Amino acid sequence: IAKACHDASSRHAGPFLALNCAALPDDVAETELFGFGKGTFGSPEGKIGLLEHAQGGTLLLDEVADMSEQLQRKLLRVLEDGEFVRIGDNQSVKVDVRMVCTTCKDLGVLVESGKFRQDLYYRLNVLGLVMPALRERKQDIIPLTEAFIQQHC
């Protein structure tokens, strides 16, 4: 759905990139998102993160509920200011990226329990879309099957 929204939007000419927040340890996810400056981690060259690579396009953060508090704080700054600082660097990088976030968890419940930042939740919850599991949409199985057969034959 996120890719279809990207393709139908004014950002369709820009990149569509994704990061599975649940699949990576926090330090790796942070490096992937923000990149790092020259000389950091013993590297003579820096690394551009997904936020910069997605410039003008869309960045999908899959399973955003699994982000650490620190990563949530940094992501909030990007959403508020449109800029961030690479790890080990001291210069701000400005970005113009649409963020689409997904999760299987109820973020409202996580906010109430203190496991997800309320301010980040309200920044991300601009347009909420609940996608029921396929087991709850049995009428979609045949059309989806037909589409996949058509696509792969």
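**A parallel sheet, a packed helix and a pocket**

In this predicted model, three strands form an open sheet in the order E1-E4-E7, and their pairing is parallel. From one strand to the next, the twist averages 20 degrees. Strands of a sheet pair through backbone hydrogen bonds, in either a parallel or an antiparallel manner. E1 and E4 run parallel and are joined by five bridges; across this pair, Phe16 stands opposite Thr58 in E4.

Helix H2 spans residues 26-34, and its buried residues are Ala29, Glu30, Thr31, Leu33 and Phe34. After H2 comes Gly35, which has a positive phi near 75 degrees.

The description now turns to the largest pocket. Rolling a probe the size of a water molecule over the atoms shows where empty space is left. The volume of the largest pocket is about 1,300 Å³. Its lining comprises 28 residues, and those nearest the centre are Cys101, Thr102, Leu127, Gly128 and Leu129. By class, 17 of the lining residues are nonpolar, five are polar and six are charged. At least two lining residues come from each of helix H1 (2-7), E4, strand E7 (98-102), helix H5 (107-112) and helix H6 (118-124). Of these elements, E7 gives the most to the lining, with five residues.

Terms used:
Residues numbered from 1 in each chain as written. Predicted model: local features only at pLDDT ≥ 70, side-chain atom pairs only at ≥ 80, totals over all residues. Heavy atoms only, no water. Buried < 20%, exposed > 50% of the residue type's maximum accessible area, 1.4 Å probe, protein only. Helix = DSSP H or I, 4+ residues; strand = E, 2+ residues; numbered from the N terminus. 1 Å grid on protein atoms, 1.4 Å probe; cavity = no way out; pocket = protein on both sides within 12 Å on 5 of 7 lines; lining within 4 Å. Points joined across faces, edges and corners; volume = space filled by probe spheres on them. Nonpolar A, V, L, I, M, F, W, Y, C, P; charged D, E, K, R; others polar. Pairing = 2+ DSSP bridges. Axes fitted to C-alpha atoms, helices over the stretch in contact; angles between N-to-C directions.
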